[in-house]
Amino acid sequence: MIFILPKFGALISAIISITIIGSAIGFSWYAFSTLHWLIDPIFPSLVGLIIYIVESLITYLQTEAEKNQVRGAFSHYLSPALVEQLAENPDQLQLGGEDRDMTLLFCDIRGFTTISEQFDAQGLTSFINRFLTPMTNIILTRGGTVDKYMGDAIMAFWNAPILDPDHPRHGAQTAIEMIDTLEELNIEWKQQADEEGRKYIPVKIGVGVNSGPCCVGNLGSDQRFDYSVLGDDVNLASRLEGQSKTYGVDIVIGENTQVQIDDMATLELDLIQVKGKTVPARIFTLLGDETYSQSPSFQSLVSRHKYFLETYRKQDWELASDFLQQCRGLDKEEKLSHLYDLYTDRISHFQSDPPGADWDGVFVATSK
């Protein structure tokens, strides 16, 4: 019992124990009736039963302690449902680092320094908590893991520690819901600013989403470690969040994410070499969900925008300008006005200073 129970568990050990005790009693009866031997099976059977009960109790207490440890470690990172799932199946949690295909999300408040000037230390803390709480709830509801908070910024990921086969879509849906929730928060903040008699500054965020292979696990030192993720695609996700300001859009996603959610409303932004990388990446913006993607207005915009990028990269500046104006006309909500202003300036620059015949259309970013 001492060696069998930890290895095979309570149920199999109970079956083995009953079989052994039954065999002992049967052999004792056979020995008494046939060989006239008197062998007592009761004492060793009771000893075995006591060992089984005590060791089962110890195993149970160890299992509960392990579940509580998992709950405590991940209660601040995961939704309660995922924490319970981990507690019931701790084998899903492989500590020390493992390779997985994951989706990363970075979110940051634009112009936070200017906004922070409106508050004292206590008011700023309240503002940050008011922002982070609903954004975190969105991440957890969509099955994501909160990696860390960096002041007004959030880093989150999907597909660890719980497997999530549809992690690119959940990351994209989270980004859209963050933007929608921010609109509601801005209404509340404006009312609060009016009541307090202070200037209201609309809060805007930039979100970067990217997917790819990463290493996730307990990373750090012997003294302190965090459950976090490392990888080249993590760095790219961070850079994409920064580029949302450059291109004037709310959400920027990488190509690895876009190809897995191509039924959602995505639009190519550029072919860019972000700072710190030598290989260019095709980046997109996410404007809406699957329903919005099928709308006639968006389909028309996608068609014109595609022609615009093709002519732009062929250095046909006149035709690219025509398509650019058509795109502006289709952008009824002016979500892409900054983007098209950016390309207007580029075309004007290239008309006076052509990039050369070997130009591949790649834009080299000089800032994060």
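**Cysteines and a helix in a predicted model**

A search of the whole structure turns up zero disulfides (a disulfide being a pair of cysteine sulfur atoms within 2.5 Å). This is a predicted model, where local features need pLDDT of at least 70 and side-chain atom pairs count only at pLDDT 80 or more, while totals for chains, interfaces and linings use all residues. Residues are numbered from 1 along each chain as its sequence is written, and side-chain values use heavy atoms, leaving out hydrogens and water.

Student: Is Cys107 buried or exposed?

Tutor: Go by relative accessible area: buried is under 20%, exposed is over 50%, and partly exposed is in between (1.4 Å probe, protein chains only). Cys107 has 1% relative accessibility, so the label is buried.

Student: Where do the buried residues of H12 fall, seen down its axis?

Tutor: Helices are DSSP runs of H or I with at least four residues, numbered from the N terminus. In H12, the buried residues are Leu339, Tyr340, Leu342, Tyr343, Arg346, Ile347 and Phe350. Taking directions from the helix axis to the C-beta atoms, they line one face of the helix because they fall within an arc of 150°.

Note on methods:
Helices (H or I, at least four residues) and strands (E, at least two) are DSSP runs, numbered from the N terminus.
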